[in-house]
Amino acid sequence: MIKLLEKLLYEKTEGTQSEILYAQWNYDKKIVPVALNAISSLFPHYSLHDESHSVTIINNIVRILGKEKLELLSAIDIWLILEASYCHDIGMVVSSEKLIEALQSKKFLEFFNEIQKNKKDGLHDFASQFIICDGKINYNSTELNLAFHDGIKFILAEFFRRTHSDRSKEIIANPHEELKLSSPRGVIPQRIFKILGDICSSHTKDFDEVMKLSFSEVGIDTENSHPRYVSCLLRIGDLLDLDNNRFSEVMLRTISKIPIDTLNHKSKHLSIESFRVDSEIIDIMAKCDDYDTANLTQHWFNYLNSEISQQLNSWNKIVPDKNLGYLPTIGSLNVELSNYDYIDGKKKPKFTVDTDKALELLQGAGIYEGAYQFIREILQNSVDATLFRIWLEYNEELNFQNPNSDDFNQIKNLFPIVIRINEKEIVGINKKWGFEIEDKGIGISTYDLSFLVNTGSSSKNIKKNSLVDEIPKWLRPSGIFGIGFQSIFMLTDQVKLKTKSFFTEQFQIVELNSPNSQKDGGILIKKVKTNHKKKPGTIISFDLLTKVIPERWSIKGDQKNASRIARNYDPFSNESHDVEIGKIIDEIFEFSYKCYIPIKLFLNDKQIDLKIKSVNKFNYFDEENSLELNVNFGENHNGIVTYYKNQFVENNLNFLFLSFEFNIHKDVATEVLTLNRNKIRPEYYIKLTQQIFLSTFRIILKHFDEIFESEDSKCIGSIFLNYYSEVYSYLKGFDLKNYNQWELYNFNFIDHEKHSIKELLGLVKKVIVEINQKGSSNNFDLFELSNDQLTITISISRGYPSDYTLFLIHKFNDFLPYVKFVNISEEGCKQIILSNDRSQSPIESKDVINILKATLKNYYSARCIIPCMNEYFKLRLKDDAHEGYLSTYTFDSHVNIKYPKMLSPFISEEKMSSNARMRVELNDKLYNWVYLNRFDTNTTLEEIRENYKKFIDEFNVEILNG
């Protein structure tokens, strides 16, 4: 077919001024294919985009037109068809200079980050082999790996593929500058090459962009060119290159790991069973073996069908000569899936969420603890947008290093959020209230709106997320909270937005309707002309109905405004009982408490004092974990209050000696909080605890004298540091040699004497800790000193021993390392004896037997770490030996004592038909673990094996038959 077009071009231009077109084509058809061969260097995983692809496109175009109609084409249109078929993908040829430039660009970094975050992306596995650090892409491993080379090549290829049509246009305009191609320029007007570039650029664009091309342009001689028509032919010819020889097996063999998208596209081409393309009809049938290939093929067929349909609908504005006729009609584009069926014959079955049902569940299942929590979702959006704008406008001139910076505290006051609540009218038994929430944030563009209305999709807003990564963690938006913006439809059917975007300067009025309303989730967008006087920001308005006199109502203890309204209501003098509005005001009060951005509240045009002055300040900030904190001590010293991005959240944290307020900024809400954003997720506690202690230690050590001004408070601060540095191994690196004030802490004794910890550690040779589980009449722990023996009686009656008693025992545990556990009576009285006399062999055989039997009933893993007797010293583990799903025996839940430990050779086994029993289970994996975690580094692996044999010989009969 190409020969036919070439012959026509020659005949139509011979002896005319248009001869230069034929000369240009004869030159380009030799040099362009050489350049196209270079595509495979960056795209070895792609279908062939060499000369064979160009020839197939030309063949498809001739089939669609029919040979008899080719004579109707002008010479310049024939030239454009030939050149565009060869040049449209030349943008996929990328020089090394362009590759280096891309790797160093911010745009590529954002693109790379997008792939890393999107687990559904076919290149995600390749991107995850790298890390982004300080704005650069680094290897995840120091080991040389071919997958690294292929992975970065695939990602670069995808980066350039997305813009290759525009690059083709640039190369056509300047072939020598871009690729050192020696295609002559100067004889043919540059305007003609611009037409060719526009045609090639449009082959991947939306159809609307094609229709922006000229219908007709002056060509050479008296003929006209028709860019729009040629572009349409190129697009169809390109889509129809579907046959099953598109992939080079040789090129695929050069790749260490083929991307999944490549495999699916290869399967798509191989699935083509029958294929008809002519001037009358297009018929294609594919047989696929798996859903992914079938889905991809169906998508391609839909794309082809859409393209033909759109062209046919606009054909009178496309075709230059009515005698060229119409496009072929679509006959059948069938996809068969072997051994499977589609539900509807067209689409791959998948789960979807019914929005109506989702909102019903939200209202009925208690995901949110109160219906008015939606106000916090809306306010959080406003705060996020405001912080975003403050950063974008002022980050280059002001210091936003931490939340307490003077620059931030001054500038934030220029961006208040204003809430207006006004009574509107009484409608029957209901009162209508108008709500308006106005912020000076970044506003909402049309692009942003698509994420706002799609529940839970804001994490996919790549444009915004790439900007967020540049912001300090403490200043970043909070992420996704629960069901997000749509939670507002729990209480109203319609929301209106008046918004101007900081980025696009668009001003629009948007009407959002509830999916449960008569308007069925409809969204109306009205563009409004604006000017620079109108500043960015958003006003959210909606109406809310409350009962004039509610039949029943309930309030929680912390709902002070609702409670006040309830107490003040008099049925004889008040026309309405506005307790529900009180609940909303309470939500606003709670939200405002620690909020960075000032919030102004007006009720019926009268401002309400939110009483937020200095209470929203956190005194200290740890930049590394982006954690704010306040340190407290005194009567209520154990209380831990947590906030996430300045909003209160419940926690299960409990520390000794000090109390804290923590404001968490480091991770996104979906990782930190439960769906309703009221509580910290259970799986986040391990990570959070480590962050908290590391930050707390850094802050306390840096500001010790400022936080603890008195000598007594310095003792408490020192106790906290020393206790937890022993509890958590990751804190052992902190230098605490100058923080020994704990030695001066005094205990009151029964004889009314006082003794400091330092004094006691110098005097005492033996400590007896008595614990009576039945309780006692004492509300405090008792201390008695007799010669060199200290007796501590723990007061369990108040629920737990004193924090400071635990610290004292903890310190004696270091000085007196030999531990004996004693059960005094059947009534639950226990003793823990600490001494420095190893010869007493505090842990005896009968103790071990009782402990092993106790582990059978009271522990939640099959195997347990137990006390180690002196004679089995070779089996002793180092103190910090740890393995997941191993229990560690504790003599008493209130007092955690360090003792020499070993790994039990017995495991418990609980069967359906009988009680739990013990059996011996030893293997090489266990021996090696004990060896790696041995206390005495001189112990050999063989000695471990021998001592376990000896241990089993001693206890086997007693335990297995007990």
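This is a predicted model: local features need pLDDT of at least 70, side-chain atom pairs count only at pLDDT 80 or more; totals for chains, interfaces and linings use all residues.
## Overall make-up

The protein has 962 residues, and 50% of them count as buried. Its secondary structure includes 33 helices and 32 strands. Among contacts in the protein with a separation of 6 or more, 67% are between residues 24 or more positions apart.

## Nonpolar cores

In soluble globular proteins, nonpolar side chains tend to be buried together. In this model, the largest nonpolar core holds 98 residues. The members that touch the most other members are F657, F720, Y724, F812 and I832. Helix α26, which covers residues 685-702, gives the most to this core, with eight residues.

What does Y724 touch, not counting residues up to four places away in sequence? Its partners are F655, L656, F657, F693, F697 and L731.

Another core lies apart from the largest one and has 97 residues. I2, M92, V210 and I284 are among them.

## Helices α14 and α17

Helix α14 spans residues 227-239 and helix α17 spans residues 291-313. Their axes come within 10 Å and cross at roughly 160°. An angle over 145 degrees counts as roughly antiparallel, so α14 and α17 are roughly antiparallel to each other. Their crossing is left-handed.

On the α14 side, the contact is made by C232, R235, I236 and L239. On the α17 side, W300, Y303, L304, E307, I308 and Q311 take part. The residues of this contact divide into seven nonpolar, one polar and two charged.

## Helices α23 and α24

How do helix α23 (residues 560-568) and helix α24 (residues 579-592) pack, and at what angle? The angle is about 155°, and the axes are 6 Å apart. Because angles over 145 degrees count as roughly antiparallel, α23 and α24 are also described as roughly antiparallel to each other. The crossing of α23 and α24 is right-handed.

From α23, residues K560, N561, A562 and I565 meet V579, G582, K583, I585, D586 and F589 of α24. The contact of α23 with α24 is made up of five nonpolar, two polar and three charged residues.

## A buried glutamate

E83 is found in helix α5, which runs over residues 75-87. Is E83 buried or exposed? Its relative accessibility is 1%. The cut-off for buried is under 20%, so E83 counts as buried.

Leaving aside neighbours within four places in sequence, E83 is in contact with Q24, W25, D28 and L196. E83 and C200 are 117 residues apart in sequence, while their C-alpha atoms are 9.2 Å apart in space.

## Two residues with positive phi

S626 is not a glycine, yet it has a positive phi of about 50°. S626 sits in the loop between β16 (620-622) and β17 (627-632). With 2% relative accessibility, S626 counts as buried.

H752 is not a glycine either, and it has a positive phi of about 70°. The loop that holds H752 lies between β21 (746-748) and β22 (754-756). The cut-off for exposed is over 50%, so H752, at 74% relative accessibility, counts as exposed.

Terms used: Residues are numbered from 1 along each chain as its sequence is written. Side-chain values use heavy atoms; hydrogens and water are left out. A nonpolar core is a set of buried Ala, Val, Leu, Ile, Met, Phe, Trp, Tyr and Cys residues joined through side-chain atoms within 4.5 Å. Buried means under 20% relative accessible area, exposed over 50%, partly exposed in between (1.4 Å probe, protein chains only). Helices (H or I, at least four residues) and strands (E, at least two) are DSSP runs, numbered from the N terminus. Contact means heavy atoms within 4.5 Å. Axes are lines fitted to C-alpha atoms, for helices over the stretch in contact, and angles run from 0 to 180 degrees between N-to-C directions. Angles under 35 degrees count as roughly parallel, over 145 as roughly antiparallel, 65 to 115 as roughly perpendicular and the rest as oblique. A crossing is left-handed if the near helix is turned anticlockwise from the far one by less than a right angle, and right-handed if clockwise. Ala, Val, Leu, Ile, Met, Phe, Trp, Tyr, Cys and Pro count as nonpolar, Asp, Glu, Lys and Arg as charged, and the others, Gly among them, as polar.
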